[in-house]
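Please look at the sequence and the model first.

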Amino acid sequence: MNPNLKLKGQSALVTGANSGIGLAVAKALANDGANVVVNYVTRPEDADEVVNQIKNDGGNAVAIRADVSNEQQVQSMFQQMYDTYGTIDILVNNAGIQKDSPLESMSLADWQLVLNVNLTGQFLCAREAVKEFLKRGIIKERSCAAGKIICMSSVHEVIPWAGHVNYATSKGGIHMMMQSMSQELAPKKIRVNSIGPGAIQTPINKPAWETPEALNKLLTLIPYGRIGQPEDIGKAAVWLASDESDYVNGTTLFVDGGMLLYPGFSTNG
Ligand code: NAD
């Protein structure tokens, strides 16, 4: 456990924390002293494994099941969190899915599923967290802010993505939702920001890195010359959740190895 705990005594909920980026964020927040809820919807054994790893490292964690796109399940998850840790200080809206296809064959069900999980799920969780932040207010010993929300967005809140119209639309929506929430809630001392990951090595994008050919093709899009790791996002999440970023409101922190720098233009001005 980190000796200079930035999140000591705070409680954090990370959605979709039994895999990939969410898993690394949950571990990073716990490593900095937060009590962590490891949300999952499938594979409870993976969530239990994350909880065990955090506990073995000297932290506190509990696994709670909820489908983030289901209002009742989200409300029940927050109640279970309050029964366990008393309150929430940090929400990391991380759960997300892809259902890719060319537009002409994209089913309405796949369009709605991606929007429901990636966008509505973030709204439902943010709304519950904000109710508690407003009710409780600032506890100075814990944080300067009444609460922090981190939305897991993507470089695709900016970069259009053919063949992934539902996903890119959900991330574009997160951008405006995050900024509108931040504008509304900053006067109440609630900080809302996003992280925009580039290509991070997780199950969601396995085809893009599982063979050397695929990885080499991907690397042409990343000026920094390596694929991102979930821990890169974990570190950014700790900073955005901590008082070190107290003056940061309504911003997307891109953690992308330079993917947004239009690498296709690097040799032809
Ligand atoms: P992942 O597939 O490893 O993790 C996604 C997590 O979301 C899983 O734990 C999954 O069970 C959970 N989830 C899915 N539907 C859910 C639901 N209805 N309710 C609760 N949980 C649900 O993928 P990842 O790469 O770790 O993705 C995490 C987030 O990061 C997503 O929002 C994704 O869009 C975003 N992101 C990932 C990358 C990348 O390159 N990996 C890049 C940009 C953004």
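## Cysteines

A search of the whole structure finds 0 disulfides. Cys125 belongs to no disulfide, and the nearest cysteine sulfur, that of Cys151, is 10 Å away. A disulfide would need the two sulfur atoms to lie within 2.5 Å of each other. The model is a predicted one, and this result is computed from its atoms.

Is Cys125 buried or exposed? Its relative accessibility is 0%, so Cys125 counts as buried. Cys144 has a relative accessible area of 39%, and therefore counts as partly exposed.

## Helix α3

Helix α3 runs over residues 71-85 and has 15 residues. From its first C-alpha to its last it reaches 21 Å, close to the 21 Å expected at 1.5 Å a residue. Its buried residues are Val74, Met77, Phe78, Met81 and Tyr82. Seen down the helix axis, the buried residues of α3 fall within an arc of 135°, so they line one face of the helix.

On the face turned away from the buried side, α3 carries the exposed residues Gln72 and Asp83.

Both ends of α3 have a feature to point out. Just after the helix, Gly86 takes a positive phi of about 90°.

With a relative accessible area of 2%, Asn39 is buried. Not counting residues up to four places away in sequence, Asn39 touches a set of residues that includes Leu13, Val14, Ile64, Arg65 and Met77. Met77 is also among the buried residues of α3.

Gly16 and Asn18 are touched by Asn39 as well. A polar atom of the Asn39 side chain lies 2.9 Å from the backbone nitrogen of Gly16. Asn39 and Gln10 are 29 residues apart in sequence, and their C-alpha atoms are 17 Å apart in space.

## Thr252 in strand β7

Thr252 is found in strand β7, which covers residues 252-255. Its relative accessibility is 15%, so Thr252 counts as buried; the cut-off for buried is under 20%.

Which residues is Thr252 in contact with, leaving aside its neighbours within four places in sequence? They are Glu157, His175, Met178, Ser194, Ile195 and Gly196. With Glu157 there is a polar contact between the two side chains, at 2.9 Å.

## Around the ligand

How many residues surround the ligand? There are 28, and the closest are Asn18, Ser19, Ile21, Tyr167 and Thr202. Asn18 is also one of the residues touched by Asn39.

For Tyr167, a polar side-chain atom lies 2.6 Å from an oxygen atom of the ligand. For Asp67, a polar side-chain atom lies 2.8 Å from a nitrogen atom of the ligand. For Asn205, an N or O atom in the side chain is 3.0 Å from an oxygen atom of the ligand.

Key:
Residues numbered from 1 in each chain as written. Predicted model: local features only at pLDDT ≥ 70, side-chain atom pairs only at ≥ 80, totals over all residues. Heavy atoms only, no water. Helix = DSSP H or I, 4+ residues; strand = E, 2+ residues; numbered from the N terminus. Expected span 1.5 Å × (residues − 1). Buried < 20%, exposed > 50% of the residue type's maximum accessible area, 1.4 Å probe, protein only. Arc of directions from axis to C-beta. Near = heavy atom within 4 Å. Polar contact = N/O pair within 3.5 Å; in protein donor to acceptor, adjacent residues only side chain to side chain. Contact = heavy atoms within 4.5 Å.
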